[in-house]
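User: I am new to this structure and would like to learn how to read its features one at a time. Please give the general idea before each case.

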Amino acid sequence: LRYCNMAYRLLPQPHILDLRSLALFRIGLGLYLCYDVISRTLPGVEWYSSPGFLHPDDSPHGNVVHKIWFARTTPGLQYCLFAITFLLSIGLSVGKLKKIHGRLLLWVLVVSLQHRNMHVHDGSDNYTRQLLLWFSLLPDTVHEQMAKTFARKAPRPSPNVVQVNSLACLGLSLQILLMYMGTIALRTIDGRPSKEWSSEWTAVHYVIRDQFAIRSNAFVEWLRQQPLWVTQSMTKHAMLAESSAIVWFLCPNSTSRIRVWGSVVLGTLHLGLLLVTRLPNWQFIGMIASVLWIPTCSWDRWQGISADWKKKAS
């Protein structure tokens, strides 16, 4: 029986995520949604209160669901919807949305806002909505436990409590994996990797020499002056980092310490892209999602070190 337990602990555990990783993800996701609402509110409500580029009567197939998604409101009502979405996003971040109906209401509002103004999207909106939906489907008991995770006087949780075994956890893990695998698949031409991402490795070289979505800062100027092998190395690193998602997906949550490198590798990838490109939404949500790969053993180790420091300080 002991050997069976050991073998089980070494099996892939994409359906298990640590409660503390989920809590940290919840905080980041809620703050990101607050940022998203603010970025939509500041330019005004014209896209939400006027017909826009797609009138509800011209929606695909005349489907009633599409008419609801693309429906326009009055400016006053739209500002109310912005305010409700913002307050619910804050509630998610601080752990107040413990009931599923509140989380699903936030998801519906986010979907509605994003569908009615696609001009500000960079592709990350759909990914964000999928992550929010899977996170919302976690049991209410898990959200109640998350709300107590980072409390100042909260007792150290037992291993059975911090490891969340749920279909929604599998959905979150699989959503992240498919996003990176899909990105790699889109770089193929007729079933073969494009030469910029395979044989020549010149993707980053050409990107930083274009003006589209590239930041104008000292780091980008420095990169443009470097020899070709520097940007080639960055292209290889990007492909390797994105391909590594399958490794973190298959690593056991409870026993594999290398899983924490999934958070480091993917988080730093998006941080680097944030410094170079003007596609901040993708990079923000990418860094936020990467914290889900932090395993239980790493959290336990960090909490043990923190407890030792507190004892020495007292």
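Analyst: Helices (H or I, at least four residues) and strands (E, at least two) are DSSP runs, numbered from the N terminus. Arg209 lies in the loop between H11 and H12. This is a predicted model, in which local features need pLDDT of at least 70 and side-chain atom pairs count only at pLDDT 80 or more, while totals for chains, interfaces and linings use all residues. Residues are numbered from 1 along each chain as its sequence is written, and side-chain values use heavy atoms, with hydrogens and water left out.

User: How many helices and strands does the protein chain have?

Analyst: The protein chain has 17 helices and four strands.

User: Is Arg209 buried, exposed or partly exposed, and what does Arg209 touch?

Analyst: Buried means under 20% relative accessible area, exposed over 50%, and partly exposed in between (1.4 Å probe, protein chains only). Arg209 has a relative accessible area of 36%, so it is partly exposed. Contact means heavy atoms within 4.5 Å. Not counting residues up to four places away in sequence, Arg209 touches Arg224 and Gln226.

User: With which side chain does the side chain of Arg209 make a polar contact?

Analyst: A polar contact is a pair of N or O atoms within 3.5 Å; within protein, one must be able to donate a hydrogen and the other to accept it, and residues adjacent in sequence count only if both atoms are side-chain atoms. The partner of the Arg209 side chain is the side chain of His205, at 3.3 Å.

User: Which accessibility class does Arg129 fall into?

Analyst: Arg129 counts as buried because its relative accessibility is 9%. Its place is in helix H7 (residues 124-136). Leaving aside neighbours within four places in sequence, Arg129 is in contact with Trp107, Val110, Val111, Gln114 and His115.

User: How far apart are the end C-alpha atoms of helix H10?

Analyst: The expected span of a helix is 1.5 Å times one less than its number of residues. Helix H10 (residues 167-185) has 19 residues and should span 27 Å; its end C-alpha atoms are 26 Å apart, which agrees.

User: Which residues of H10 are buried?

Analyst: An α-helix has 3.6 residues a turn, so residues three or four places apart point the same way. The buried residues of H10 include Ala168, Leu172, Gln175, Ile176 and Met179.

User: What do the buried residues of H13 pack against?

Analyst: They pack against H10, helix H11 (203-207), helix H12 (218-224), helix H14 (245-250) and helix H15 (260-276). Among the buried residues of H13 are Val230, Thr235 and Met239.

User: Which residues touch the most other members of the largest nonpolar core?

Analyst: In soluble globular proteins, nonpolar side chains tend to be buried together. A nonpolar core is a set of buried Ala, Val, Leu, Ile, Met, Phe, Trp, Tyr and Cys residues joined through side-chain atoms within 4.5 Å. In the largest one, which has 44 residues, Leu22 and Phe25 touch the most other members. Beyond its neighbours within four places in sequence, Phe25 is in contact with residues including Leu131, Phe135 and Leu172.

User: What is the phi of Trp201?

Analyst: Most residues other than glycine have a negative phi, and most peptide bonds are trans. Trp201 has a positive phi of about 55° although it is not a glycine. Trp201 is found in the loop between strand E4 (192-193) and H11.
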